[in-house]
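Here is a short briefing on a ligand site and on one residue elsewhere in the chain. Please keep the structure open while reading.

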Amino acid sequence: MRKIIHIDADAFYASVEMRENPALRDQPIAVGGSSERRGVIATANYAARQFGVRSALPSARAKQLCPELQIIPPRFDLYRRISGQFRDIFADFTDRIEPLSLDEAYLDVSDSVHFGGSATLIAQEIRRRVREELALTVSAGVAPNKFLAKVASDWDKPDGQFTIAPGQVADFVYALPVSRINGVGKVTTEKLAKMGVITCGDLQDVPLTDLVRRFGKYGSRLADLAHGRDDREVKTSRLRKSISVERTYAQDLGDEATLFSALDDLLAELSERFGKIEQQYLPVKRFVKVKFRDFTQTTLEEAYEERGGSWLAVADFRRLLTGARQRKPLTVRLLGAGLRLEPRGGDNLDQLNLFQEG
Ligand code: DCP
Ligand code: MG
């Protein structure tokens, strides 16, 4: 029996823009192309969704639905970077990660030793860390397979979590509208409705031969899904390139003593997390990241000159932090510390290569 977690960030691009500019928090915003240039909406925050603003809607139409809507141009590099940070957090719990897009991934935690193997507690911890370290929210679904995990992550969105335990699968799918099956769009939903099929329970009653006749190969897949069966594996992703810990502070940090003590906390956590992967990865650089009061950020890094000694020597990181701070005379709202990594050679490398994206 597998334990699968599906993670999906809430209003991803829009939430990132709200994080970067808190003045946007309570206003309807969208990320997308400009309405003057016939752009479309990539996503909208929840305030804008109340007006019917949705992904793929022409921006001009979105402006009609919600005249106050602010449409922000996308910053893909930023979203990609954050996607990597999500991945770094997931990687502390399992190597078996399959990213579906920048804001979505499946995790197979069947063999995870964390939290006594409880996928629900792992998902909770992932969501807590994303909130604290990245100041964003993600929703999570926990289930015995990918299909149900994805349905579950959507169940309690935004900032929600929902578990479908193995013993609940039968009851859950029985009442589940077929329109919630990933891949069942408007056309298939209508086709099924004409056959009197609204829920997966209804779908279970349709003979397999009928489904295959009408939907071809997808018909037998539908029959499986109707029963909550899905044996697709989580296809694991590429190697990690860094490990880091960062925090956004409720109150800006100003004096050196406070900053150093915050850094100590980060290093303690970094050390614990690096310890779990130390056998597979060799640190090649250390870095410190600082985001100032004005939201500009800077990263200072240095290579390890000798590969030996302590990777996480406090004095080295303090020196980097002091250097990074000197770049601006402002207080600090976010602090991060991390290591750039290379896979170690030998057997471990071969093992890791098995997980590389094809
Ligand atoms: N996206 C896009 N065009 C689309 C759909 C999505 O450019 N038609 C982008 C913007 C989204 C991101 O992909 O922020 C993630 O897509 P999701 O479908 O997960 O949507 P959101 O994360 O924005 O919202 P939700 O809270 O519903 O997950
Ligand atoms: Mg999302």
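In this structure, Tyr 46 places a polar side-chain atom 2.6 Å from an oxygen atom of ligand 1; a polar contact is a pair of N or O atoms within 3.5 Å, and within protein one must be able to donate a hydrogen and the other to accept it, with residues adjacent in sequence counting only if both atoms are side-chain atoms. The model is predicted, so local features need pLDDT of at least 70 and side-chain atom pairs pLDDT 80 or more, while totals for chains, interfaces and linings use all residues. Residues are numbered from 1 along each chain as written, chains are lettered from A and ligands numbered from 1 in written order, and side-chain values use heavy atoms, without hydrogens and water.

**Ligand 1: polar contacts and cover**
- A polar backbone atom of Phe 12 is 2.9 Å from an oxygen atom of ligand 1.
- Lys 157 brings a side-chain N or O atom to 3.1 Å from a ligand 1 oxygen.
- On its own, ligand 1 has 550 Å² of accessible area (Shrake-Rupley method, 1.4 Å probe). The protein covers 67% of that area.

**Ligand 1: the shell**
- Strand E1 (4-9), helix H1 (12-20), strand E3 (41-44) and helix H2 (46-49) each give two or more residues to the shell. Helices (H or I, at least four residues) and strands (E, at least two) are DSSP runs, numbered from the N terminus.

**Arg 333**
- Arg 333 sits in strand E12 (residues 332-343).
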